[in-house]
Amino acid sequence: MQGKRIEEHFIETEPYYRVQGQELTIALAAHQHKIPLLLKGPTGSGKSRFMQYLAWKLGRPLITVSCHDDLSTSDLVGRYLIRGGETVWLDGPLTLAVRHGGICYLDEIVEARKDTTVVIHPLADDRRELPIEKKGEILSAPPEFMLALSYNPGYQSVVKDLKPSTRQRFIALELAYPSPDIEAEIVQHEAGVSRSEAEKLVHLAEMTRSLEDAGLQEGASTRLLIHAGTLIKSGIPPRQACKVTISETLSDDHELVAAIDEMISSLY
Amino acid sequence: MPSSADHTILARVTAIIPESELNSWEQEELVECLAPLSGRQQELILHQISVIWPVSHSLCLAFLEAAEPALACLDAEQFAAWVRAILHRYEARGLQEARRFMADLESHFICTLKGQSGLLLSTIKKRLDLYLRGVAGRPFVLEEATLPGTDTAAIFLPRNCTLFGDDDANFLVYKLMASLQWAFVRVNLYCHEVPNEQELFRKVARPGSVPPDQPVFLNRFFNLFSRPGRARAIYHFLQTFSALCFLQKKLPGLMADSTAYFQSVAAERAATMEPQSLLAGEYGFLLKQLSRNLPLELPPGPWRRLCHPASWDDSGQIFLDTARIYALWEEKPDQEVARPPWFQGTLQVEAAHARRLARRQEVEQQFIEALAIRILPALARKKEATQAPEATPAETPQQADSAADLSLRLPTPQNEPEKTGPDHNQVVRHIRLDDEKIGLDSKLQELGREIMDDLGHLPQLYLDSAEKMAAGRSYAPNLQTAGPEGAPLLGTNLYDEWDFRRQGFRHNWCRLLEKEIQPCGGTFIAATLNQQRGVIKQLKRQFEQMRSHPRFLGRQRDGDDIDLDALTEAVADQRAGLPPSERLFVRQLRDQRDIAALFLVDISSSTEGWVGKAIKESLLVMAEAMESLGDRYAIYGFSGMRRTRSEVFRVKEMDEPYTETVQGRIAALSPKEYTRMGPPIRHFSKMLATVEARVRLLIILTDGKPEDYDDYKGEYAIEDTRHALVEAKNSGIHPFCLTLDTKAPEYISHLFGAANYLVIDDVKKLPRRLPDMYRLLTS
């Protein structure tokens, strides 16, 4: 991330994203009115892809940070480095985005420590500024700048939850799995399989999602379907492709895997 | 006078069962049963007693009676397998069933031993259940019956499948049968009614015949014909055709895999069937296509000419087609109808009708209750608003009340459900209370939709009942029964209780008593630790990883090592002319988890038997694992009866070390009385709130809904428990629930909120799932 110039963060070609409802309109309105965005949704439902599409649509650079629990404030804001006896200040991804009016997307924000996430607070309300303590500088965000977070509310860990004080600064968009029609369209496009093949995969995904009450943590995501479709397209027999991409990845529980395998063999 | 032989037997018995657990008549009975047996037989039985006794004493005594005849026909290994099967029965279905199982050794056990039972439904039930739930998108109950069938809520399947030699092929048959029954439900096998029944009957019946008086539409239809059996057979054939077409479209893989099965059915029928009998050729035709996995078509000739499968979805067409074929058969008065293939199953018209009525009632009740709660606040507001200006000092309280009631009933109390969308897809989104629009939540909308799908409209009666319920009338008797003892209590550990009808607390309503448990010895601890040692070992390793995950905290003022990142930065800062940071060290974080957990265990009488045992085993396994993790934890049991005596039993306090005494207390947990959840939750929320920890968890293990002996039941109990949990959440505690109640999905997310509970459908998995859940929850 660091060291990459801002120009490299522009998205040149239109990413594939199938709009499902009002999400794009709302996100564009949020950008226009300078309100940050919170994306909620299960794994592999297209949160990151949506951000790419939004950045392309707005013509702004997109800077994505995958959060983890060692992420420090300096990692976000920036730090001094020594180069050839000289000290050089290097902007962190957040600063970079603020400076150039880009979009800063903090993926899986709940993975970051709570003391780190506090740094975004002044950016996320109407002050829209980023204090850089080291440099004694306060950066004001230009109107084009946008902050976006994402997280998966399906996680059950109580240690990882977003503080209400963080939450309440955002417009929240829920990106659930698309409706069957749209999901089939996405799988068809992304995996390059036929429409009927894509519909079958979506049908399988729906079957696994209805196991969520029966011990499965999450059903098959759109991303998994695309993986399965890609393998099928490359000539791997469907039953095997679905087994390795779907049933084995979803669970280690013997009964659940066996039941999903039975669904696969009923479909193919 | 006991003989010396009796003494030796007694000594051996007491070596297995601690003397403290045996009363004198049990001792006598044991000795009496064992004395006449040979030494070897005694040996075998005594060994099994050590297995059965800890599970249930009464089962063990019943086993002793059945053991001798069983030993006459079983060898040692088979005898052990038989005992395992008995325990399985007992765990799954209770003592009565286990007795029955023991009594009928021949049919229940010996034929399984001889390998004649093929694949048993019970062995694959779990897998089939998950499969069906996924395929159907909703749960079905799987039940044993002689022939396959469905009543739209349950799917009946034979007890065993012996068609093929290997289990995989037999499983496929089960899968096909279950899928076919689901397909029947989907193609609307029990078409409950058609909109223009009179017209249909006029078209179908012979002139002059009177439509029979039958409560169920399908029976009414079949009885129009002089030979209802024939009509039934034709109708079932057409529906089977329709369901198989549906399966070919939806589950092509299943139909491709099943060709071998269809071939065998076709061959068997060709050999045994009278070719002249009605439908024999037609079924043969279907089976021929199925064996080759060709797209299904109706048999050529009159069937194809007369029937219109494409429009069977429409009202009544399938009945007209049935009548046409029936008319064709009038020329063959003497021929019998062929036996349908086995996989087709039976048509259970009455059962399906009963199920539908039961479901209708269930939905009605749920809808009324949910709606009552929904309109309660608005109703209370209105009551206040009308009471305030009208109540003059001269009026007695009764008059004021009746005035309030009148105003509620007066103009148009919610009689216009607002319908939106086209007719076939109606959703009621609002109701009206006087002039106020009240929005319905998703659960109410869903119920409303189900009611309209079923009845075609939302009866005004439901709304009236909900209003009455909300106005408190249907609850009035309940409140009165609480009257005589309705005074607030005095003393310590008193807790309020939430009354959803008044939307307020009953103050100092419940008394909670903290009680001691006398630790008990016995074989339970050693046996469990031994039996679960694999799981415990694995868990300890997993939990240790969570603990000893190398975790260094950077940028500290002092610590074990230099933080190179910080140092580099400090040097850079210094060169840049800034004051360098002094936080240059890394320190190993020793107590970064900082989690306090309290396990609250339901020990109401309903947990008797295997449930109680599984809970105790789980606690033991959990405690063992927790020791390697180092989180602080406490364990309490709760039960009690009535509001005056809610009891909690201390197994382990928060900072008490895990000792043999604690183990003994776990072993001594035994089923007590009822499940009043509110007071213990409030008690321990208060206690947890004083514990210093970053994360405070309240983990509740239960086997059912909250319920007490008095009026603490149903909605009231659920709402109080929910309120207690909300109070806990507000004081920074995370409640989480593990429940063994398979009906829990209906109410549990209302209690705990989505993703804050886990339903365990197989009690045996509890020792494994409890620590797994804890790991997931805290990492």
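## Contacts between and within chains A and B

In this predicted model, 32 residues of chain B are in contact with 28 residues of chain A. Several elements of chain B each supply at least two residues of the side that touches chain A: the helices α8, α9, α13 (252-257), α25 (564-575) and α31 (766-778), together with the strand β18 (695-702). Which of these elements gives the most? It is α8(B), with seven residues. By type, the residues of the side of chain B that touches chain A divide into 16 nonpolar, eight polar and eight charged.

### Two helix pairs

Two packed helices are described by the angle between their axes and the distance between the axes.

| Pair | Residues | Angle between axes | Distance between axes |
|---|---|---|---|
| α8(B) and α9(B) | 121-136 and 167-186 | roughly 40 degrees | within 10 Å |
| α11(A) and α12(A) | 238-250 and 254-267 | about 150 degrees | 10 Å |

In chain B, the axes of α8(B) and α9(B) cross at roughly 40 degrees. The crossing of α8(B) past α9(B) is right-handed. On the α8(B) side, the contact is made by L121(B), I124(B), L128(B), Y131(B), L132(B), V135(B) and A136(B). On the α9(B) side, F171(B), Y174(B), K175(B), A178(B), S179(B) and W182(B) take part. The residues of this contact divide into 11 nonpolar, one polar and one charged.

In chain A, α11(A) and α12(A) pack at an angle of about 150 degrees. Angles over 145 degrees count as roughly antiparallel, so α11(A) is roughly antiparallel to α12(A). The crossing of α11(A) and α12(A) is right-handed. From α11(A), the residues R239(A), C242(A), K243(A), I246(A), S247(A), E248(A) and L250(A) meet V257(A), I260(A), D261(A), I264(A) and S265(A) of α12(A). This contact of α11(A) with α12(A) holds six nonpolar, two polar and four charged residues.

### One helix with a buried side

Helix α21 of chain B spans residues 460-470. Which of its residues are buried? They are Y462(B), L463(B), A466(B), E467(B), M469(B) and A470(B).

Key:
Residues are numbered from 1 along each chain as its sequence is written. Chains are lettered from A and ligands numbered from 1 in the order in which they are written. This is a predicted model: local features need pLDDT of at least 70, side-chain atom pairs count only at pLDDT 80 or more; totals for chains, interfaces and linings use all residues. A residue is buried if 20 or more other C-beta atoms lie within 10 Å of its own, exposed if 12 or fewer, and partly exposed in between; C-beta atoms are placed from the backbone. Helices (H or I, at least four residues) and strands (E, at least two) are DSSP runs, numbered from the N terminus. Axes are lines fitted to C-alpha atoms, for helices over the stretch in contact, and angles run from 0 to 180 degrees between N-to-C directions. A crossing is left-handed if the near helix is turned anticlockwise from the far one by less than a right angle, and right-handed if clockwise. Two residues are in contact if their C-beta atoms, placed from the backbone, lie within 7 Å. Ala, Val, Leu, Ile, Met, Phe, Trp, Tyr, Cys and Pro count as nonpolar, Asp, Glu, Lys and Arg as charged, and the others, Gly among them, as polar. Angles under 35 degrees count as roughly parallel, over 145 as roughly antiparallel, 65 to 115 as roughly perpendicular and the rest as oblique.
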